[in-house]
Amino acid sequence: MNPIVIAPVALGRDRARFAVRRIQSVKWRSVALFLSALVPFWLLIDVMAPQTLYAIALLVVLLLLYLGWSYYVVERATRFRAVFGTRGLAVAVTCYIGLIIWLGWLRPSLLALVHLGAVVLIFVYYWFIAFIAFFHDQVGRSKYVPKPPYPQLTVLIPAYNEEGYVGRTIQSLLDTDYPADALEIVAVDDGSTDGTFAEASAFAAASERVSVVSKTNGGKYSALNYGLLFASGDIIVTVDADSIVDPDALKHIVAPFAADEDIGAVASNVTIWNRDSLVTRCQQLEYTIGVNIYRRALDYFGIVMVVPGCLGAYRREVLSEVFAYDPDTLTEDFDVTMKVLRAGYRVSVSDARVYTEAPATWHDLYRQRLRWYRGNYMTIIKHWSVVTDSSYGYLNRIALPFRLVEMFFLPLASFVVLAYIAWLIAAGHVLTVLAVFVFFTSIVFLIAALGIQIEGEDWRLLVYAPLLVVGYKQFHDALNVKCLLDVLTAPELGWTRAARIEQVVASPDAGAIPEPTASASPSPAPTPEAGPPTETETESETVADTDSK
Amino acid sequence: MSSLPSTCPVCRSRTLTAAHIDEHDCGHVAPEDDFADGCEKCNRQVSADELTRLQTVGRCLECDSLATDDFDLNLDVAPPLPTVTFPTLPSRADNLNWLPARYVPESRLARQLLSSALVVMVLLAGITGAISVMPMLESEPATVAAGEPEWEEYDSIVLFRNDDVQAWYNQDELRDVNQVFIDEEVPVTLGIIPDTNGEAPLTDDPDLCTYLQSLETDYPGQFEMALHGYTHEPVTEFYGASEFGDLPADEQRERLEAGEELLDECVHSPSSTFIPPMNTYDETTVSVLEDANYTTVSGGSWFTDAHFDGNETVFEDGDLVHIPETQPFENWTAYEERVLEAEESADNNESDEIVVPFEDLETLTDSFDEAHAANDVHVVMFHYQYFTTDERVEQLELLVQHTKDEDAGFLTIEQFALGLETGTVEQTDDGWRVLEPAHVAIAAEQAEAAAADRGTEDGDAEQSLANITQRVGR
């Protein structure tokens, strides 16, 4: 037969095969969950007053215009980058509120405003997060595939009183699937008063790849800065002394550096291993649908805002350029990431996985988050110029506004909503409140299911979805508000530390560190007891909000 | 604490010297010598008290690298790695581990099917949850949108009354006039004639009834459907002319019931206001209306002033609230004069064609201003059929806009009367205060009262909510 005649047929077959393959590669469970998560939104639209719908639609149009314009000025026309920036957006939103009140779409009251804001945020936030997560899952988990040659790597492990933990962390690093001749592990003992130094030294004695340096106690930032003096690698990886890295984590975390020269730092995915209590399971669900997926969304713009202290990687020269870690915030991981971003580098996320021990009691969680949230506010205030300076591109136009809403509007709005709910209950509308609760729980439930499906997490975590609507959520909102007030009234705050499970078992008083006080300027010669501990629990990412109303 | 090695770990040189590592206040960590010319991070000169000594280490004089204790160099044979135990780490593979082992299938395909079934269950549970509470939620955004009732204060109250709505007649004018109220978002009471001259029953005009029902549905609380007599014929000469006044009670009751029957069939929610044709009615009418559960009667103030001796615009008599019109839009005196003139000129045909003249706009606005200044209730009566030109419709629009420019509250006649009764409308020292939206507030009050009557305390909030839902959703 004439090959010219056959060709189109063959081509057609190929296309059909290709199409079949494409269809087979679609992850249908995610599709089903993503589509089902849209059902409650659709129902909500159906019962909304037309005016509210117009108001929402107008705001969504405004935000889309802003996003589109941001893309255009960052990618194509940087000469216009000062036009319609964050200030412009703030003015536009204010005008928008005035306009919808004038049009009668919104009653001029705080409650109505918060109500509208919450609904829009739920729409934008959940839909956006769900969509990005879904998209990520469909196109493949990461665009960076690890391949040789692997760069010279130095892992820094800052440790203060991490006996019983630091050895495990070092062993997990030695167990990683990374070329032995390219890996150097430096444990930094920050003046521990327990057996941390001895525990790490035993590994240093047994392996050429491990070394231990010790110094006077000075805090985590100080330990990391000190450790850098002994690091010879081109890539610096920081690992908390209570974390356990996945065997292929190091390969994954260096992959983005090879792929893109503009990448200055790379984040990992944090997983909690001690899931044996309500409070740790809630945290895992929070990590699954909040932190990890949220980070993937920002990855598209190269503006991941926190490289978690549990496991993160930096180019050596980038860390040197920004003079590494500063002493002036409580969340040095968020701070240093902001510095890297401000220096003009992209910050990306990898598929590297790290296991960490989450605070196991509400009290410990409280102390951990006290530090994170205070540190978050301190860092945002420290880097406030990013909010106003349009030369920071996506960081200025997208990441910061999003973050500000999350840190300032949502926690406060949550309490307005709570007061309204209390009023509804007092007025006898218990059923309505119950209905609202069930409704929003079902949204969170479906989104959580999508997150669990994508992250390959444990389905039992779904049981905790209602707590992300009521209970766990308000705990964090209240803490956020408290921390904001703390930072505004006493800018210099000390560390708060959660007790360690395995140390508590050994010594019941290990975690009993007194309530932080507003400390004076850094003490010139801190004694081991008085100095800030080189706390290893980090990752100051604000958790994605599960606002229900 | 110091840790000085004997050998450089990099070049194995044994020429090492001690180096002090310091930290500056700004957080910069470097060997002491580096701070001699100031801090390279913060570009400041450095004084000794700004530095904190972190450690003293070895610096190789050959290769300049820093070194601390070096363990492997001190021993000929490296000791084995210490043993550590790891906790059980969660992994993707043990997703189904929480199921008892006997339920987890062996084959990969079966396990995938099980996972898929789990996903389906989860999404069904989620969707079912959302859908099942939707009926309860429907009222929620509506009440939020309509607003929880809030007190508003006004200097005066304005009620508009559009009389003579009837089958077949001047339907375009009716729509034009109603559109004014829709556009201005001002409530109005429609006086509906059930069977004009006994020849045009409402129910024969399906378009009119459909239209009236659409007004009730689309603009809840804005259009009141009031009964305006039965045939609207001048049956007696009571105060000049009346359909009800001076008739025996039985006859009045029959007319009322016949009218009610037609109106009930035509609209969703007939109101409890009665508008007697020709604005006249007697005590018998009041008692018949009372028996039939009416709350309000709206005649003319010229008539009530004369017949009921009332000094107030709004008054109660025989358990009924009397809210007579205080300002006709049409100039009936001028009209009568023209009719007389025409009759004198003995041209009856001409008298039929006389257009009912309107009061001029100034008279109408002055009348409102006067009532407004006195914190009074101003009831404007008009007849839609005379709004035959754009200019005439515009005059109505201008009047409505004029009243809106002032701090006046707008209600239907029934809302005003029921508001007074339920306490959602109150007279104050300098005007009025109204719980708005009035129809929502009244419905809630009535529901609460009904629930209290039944003595079922548990049900009252739900009942009132259900009632609000019903009212708002209608």
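A search of the whole structure, which is a predicted model, finds 32 aromatic pairs over all chains.

**Stop 1: a pair in chain A**

Select Y377(A) and F408(A). Their rings form an edge-to-face pair, with 5.4 Å from centre to centre and 70° between the planes. Y377(A) belongs to helix α13 (residues 362-382) of chain A and F408(A) to helix α15 (residues 394-426) of chain A, so the pair ties together parts that are 31 residues apart in sequence. Now show the surface of the protein chains. Y377(A) has 0% relative accessibility and counts as buried, whereas F408(A), at 26%, counts as partly exposed, because buried means under 20%.

**Stop 2: a pair in chain B**

Move to F181(B) and F382(B). Here the ring centres are 5.8 Å apart and the planes stand at 5°, so this pair is stacked; the stacked class takes planes under 30 degrees apart. The pair links distant parts of the chain, 201 residues apart: F181(B) is in helix α4 (residues 171-184) of chain B, and F382(B) is in strand β16 (residues 377-383) of chain B. F181(B) is buried, with a relative accessible area of 0%. F382(B) also counts as buried, at 0% relative accessibility.

Together with F181(B) and F382(B), they form one aromatic cluster.

**Stop 3: charges over rings**

Return to chain A and select R403(A) with F334(A). The charged end of R403(A) sits over the ring of F334(A), 4.6 Å from the ring centre. Then select R175(B) and Y211(B) in chain B. In this case the charged end of R175(B) sits over the ring of Y211(B), at 4.0 Å from its centre.

**Stop 4: strands around β19(B)**

Switch to a cartoon view and select residues 431-436 of chain B, which make up strand β19.

Look for Q427(B), whose bridge partner in β19(B) is W432(B). To end the tour, find the turn of the chain from β18(B) to β19(B): the two strands form a hairpin, with two residues between them.

Key: Residues are numbered from 1 along each chain as its sequence is written. Chains are lettered from A and ligands numbered from 1 in the order in which they are written. This is a predicted model: local features need pLDDT of at least 70, side-chain atom pairs count only at pLDDT 80 or more; totals for chains, interfaces and linings use all residues. Side-chain values use heavy atoms; hydrogens and water are left out. Rings of Phe, Tyr and Trp (its six-membered ring) pair if their centres lie within 6.5 Å; planes under 30 degrees apart count as stacked, over 60 as edge-to-face and the rest as tilted. Helices (H or I, at least four residues) and strands (E, at least two) are DSSP runs, numbered from the N terminus. Buried means under 20% relative accessible area, exposed over 50%, partly exposed in between (1.4 Å probe, protein chains only). A charge sits over a ring if NZ of Lys or CZ of Arg is within 6 Å of the ring centre and within 35 degrees of the ring normal. Two strands pair if DSSP finds at least two bridges between them.
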